[in-house]
Amino acid sequence: MRTLRIILWAAVLVLGGVLAWLTLEVTQTRQAVVEEPFGVPFELVAQNGEPITEQAFRQKPTALFFGFTHCPEVCPTTLYELNGWMHQVDPDGTKLNGYFVTVDPERDPPELLGKYISNVTDRITGISGPPEKVSEMAKGFKVYFKKVPLDEAQPEGDYTMDHTASVFLLDAQGRFSGTISYGENPETAVKKLENLVNG
């Protein structure tokens, strides 16, 4: 009986040591992820035709979202609301950047994307580029997107895009700082942007 108790206590001590080690490893991994810039390196095209890379997300805190110009509701609403929040939090436009990356570059070349955005705001910059490079960048930022035919009988016909609707918030080093969900309470959204700018 005593031997069994000793074995059980030894097993508990070993298990405790393993759990402590695992906790330390997970904590260190999380810290490393938080300290690294979010997403992946990329080389795309801004709405003015100039090259743009991930370094654009390192200059100031950034509000970043993904959408497309044929989007019926989510994208124009997000563009309009984000413009208002940015003007409220950063009236002179010196503390916060905004970017709209198309998930439909086949229909959204830089110039067209720029016209679409400039109808709503001068505070947000459009990003497009070759479809394969845009796809690689979006996947690297953990964005879901999928082409969906409007008529299942014609899979090669007209389509829409399903996509992640959240705004990603990045600090001035490009690190992930949070999200603003589609339909989020405006006061909460503004507070998140204030925290991003003042963080």
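Predicted model: local features only at pLDDT ≥ 70, side-chain atom pairs only at ≥ 80, totals over all residues.
Biologist: Hi! Which residues touch the most other members in the largest nonpolar core?

Modeller: F57, L64, F66, L82, F100, F141 and L193 do, in a core of 46 residues. Helix α2, residues 74-89, gives the largest share of this core, with 6 residues. A nonpolar core here is a set of buried Ala, Val, Leu, Ile, Met, Phe, Trp, Tyr and Cys residues joined through side-chain atoms within 4.5 Å. Buried means under 20% relative accessible area, exposed over 50%, and partly exposed in between, using a 1.4 Å probe and protein chains only.

Biologist: How many helices and strands does the chain have?

Modeller: There are 5 helices and 9 strands, and from the N terminus they run α-β-β-β-α-β-α-β-α-β-β-β-β-α. Helices (H or I, at least four residues) and strands (E, at least two) are DSSP runs numbered from the N terminus.

Biologist: What share of the contacts joins residues 24 or more positions apart?

Modeller: They account for 70% of the contacts with a separation of 6 or more. Of the 199 residues, 39% are buried.

Biologist: New topic: which residues lie nearest the centre of the largest pocket?

Modeller: V103, E106, F145, K147 and M161, out of 13 lining residues. The pocket holds about 190 Å³ of space. Helix α4 (131-140) and strands β6 (145-149) and β7 (159-163) each supply at least two lining residues, and the largest share, 4 residues, comes from α4.

Biologist: How do you define a pocket, or a cavity?

Modeller: On a 1 Å grid over the protein atoms alone, a cavity is a set of points where a 1.4 Å probe fits but cannot get out; a pocket is an open set with protein on both sides within 12 Å along at least five of seven lines, and lining residues have an atom within 4 Å of a point. Points are joined across faces, edges and corners, and a volume is the space filled by probe spheres set on them.

Biologist: Is T78 buried or exposed?

Modeller: T78 is buried, with a relative accessible area of 7%. This residue is found in helix α2 and touches F65, V167 and Y182, not counting residues up to four places away in sequence.

Biologist: Last one: where is K142?

Modeller: K142 is in the loop between α4 and β6. K142 is exposed, at 64% relative accessible area, and its phi is near 60°, a positive value in a residue other than glycine.

Definitions and conventions: Residues numbered from 1 in each chain as written. Heavy atoms only, no water. Contact = heavy atoms within 4.5 Å.
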